[in-house]
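Good morning, and thank you for coming. Please look at the sequence and the structure as I put them on the screen.

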Amino acid sequence: MKDPESRTTFAGVDGRTDTELPEWYAEQHGGAEPISFSAAVRELPQAVDTAVAYRDPYTDEWVQTDRFNALVEPNRAREQAQDEDAEMDPLFHIPTDSYAIINPVDVYGPLEEVLREQTIDGTPLGEVMFGEIRRYRGGGEVHMDIMFDGLGVRLPGRSDPITMGVTSGYDFFGEHAVYVEGFAQDGYCSNTMRSLTDKEIIKHVGDVRNFRTWWEEILAQVELIADDLFEFIRDVQDIDLDFSELPFTVTEFYRLLGFPDYLAERAASDAEANAASPVEIDMWTLHSGATYALTHFFQGKEGASLDGYVRTANDILFNPEGTIERVERAYEEQLEADSDGGSQASLAGERALASIERVSDDLQEKVDQFEEREDALRERFQDAMA
């Protein structure tokens with residue numbers, strides 16, 4: 001992803017907690033000295049609105065309008081008033097008068113309260129929380145990862161866990177005001193797993209809801225995912241794709257799923273390197289290859305441009321049958337586009353499709369198991385949000 005303008009690492013909800021970064025996370029972040037989450041949130045830029053005027057081209061006078069208000073960072077506005085050469089522009093955006101400002105403390109202050117009260121194994125979540133805040137566009141766009149040491153999955157043979165949490169963010173522009181979704185990071189390889197729950201979004205219009213209740217419901221979902229994630233991983237580790245029997249390479253598998261060439265090549269390289277055999281690769285390893293490419297090599301921005309690829313990667317883990325069906329459809333479309341090769345090519349294409357269908361048939365006995373687990377998880381989600 002594009003590098004942020006700044007990063008802040010945090011550990012513990014406030015100055016009263018004596019929280020240290022997990023060793024695996026500290027190593028990944030170059031020994032960065034964390035501050036508390038509360039302090040990190042209060043360092044983020046704020047926004048206030050102020051009147052806007054336009055210049056009349058006939059009279060050359062400035063005329064105030066009530067239709068729009070400028071969103072500015074108040075501290076930067078004060079600095080600019082005192083020093084015309086101030087480095088940071090205080091202006092974020094000029095929205096219509098229906099725009100609702102939501103500042104970071106409005107959102108994450110209630111989260112701090114919830115983290116002090118909710119526990120994991122008897123310890124308040126605020127004492128085991130850690131993560132990172134990233135700023136873009138002068139601090140008008142913010143994304144953060146919030147994780148909880150001890151809430152996650154440990155796979156056999158790995159010393160570092162897959163740690164659960166949420167990724168959240170907001171902006172002061174015309175997009176989402178606030179979003180949050182389930183998230184995990186694999187300490188073994190630094191891969192991030194996004195969109196583990198449905199993304200909850202609050203826009204810049206209308207009434208602002210009760211954020212405390214919102215956070216309570218979302219954290220309940222994350223705990224449910226943590227309970228089931230190991231089972232999903234274990235099941236897809238038993239589903240192998242034998243690429244020596246398939247009409248495409250590992251790189252082409254990712255291309256058929258819609259990954260651009262540069263991501264498909266990175267994903268395939270990682271999957272082949274981590275598989276017991278470079279031609280027989282299980283679906284968990286294929287999922288890890290996809291998350292590796294997206295975590296370390298995606299060239300776009302955080303947000304909507306990343307979300308589609310994340311959903312595709314997650315389907316490899318949570319919906320392997322749908323993944324194979326998508327590959328089959330894409331391969332069939334590719335054959336139809338190249339269908340001028342005569343009867344010999346047509347016969348080869350039919351054989352190739354048959355080999356993919358055999359994989360799909362082999363999955364059928366596991367499909368009910370995946371669907372039942374996913375349905376049960378969704379039902380528990382609904383109960384948690386009720």
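Let me begin with contacts, that is, heavy atoms within 4.5 Å. Residues 24 or more positions apart account for 67% of the contacts in the protein chain with a separation of 6 or more. This is a predicted model, in which local features need pLDDT of at least 70 and side-chain atom pairs count only at pLDDT 80 or more, while totals for chains, interfaces and linings use all residues. Residues are numbered from 1 along each chain as its sequence is written, and side-chain values use heavy atoms, with hydrogens and water left out.

Of the 386 residues of the protein chain, 49% are buried, meaning under 20% relative accessible area with a 1.4 Å probe, protein chains only.

I turn to the interior. A nonpolar core is a set of buried Ala, Val, Leu, Ile, Met, Phe, Trp, Tyr and Cys residues joined through side-chain atoms within 4.5 Å. The largest such core has 93 residues, and Trp215, Phe253, Tyr254 and Leu286 touch the most other members. Helix α5, residues 211-236, contributes the most, with 12 residues; helices here are DSSP runs of H or I, at least four residues, numbered from the N terminus. Leaving aside residues up to four places away in sequence, Phe253 touches Leu286 and Ile316, among others.

Finally, helix α8, residues 283-297, has 12 of its 15 residues buried, including Trp284 and Leu286. At the start of α8, a side-chain oxygen of Asp282 comes to within 3.0 Å of the backbone nitrogen of Trp284.

Conventions: Buried means under 20% relative accessible area, exposed over 50%, partly exposed in between (1.4 Å probe, protein chains only). Helices (H or I, at least four residues) and strands (E, at least two) are DSSP runs, numbered from the N terminus. A polar contact is a pair of N or O atoms within 3.5 Å; within protein, one must be able to donate a hydrogen and the other to accept it, and residues adjacent in sequence count only if both atoms are side-chain atoms.
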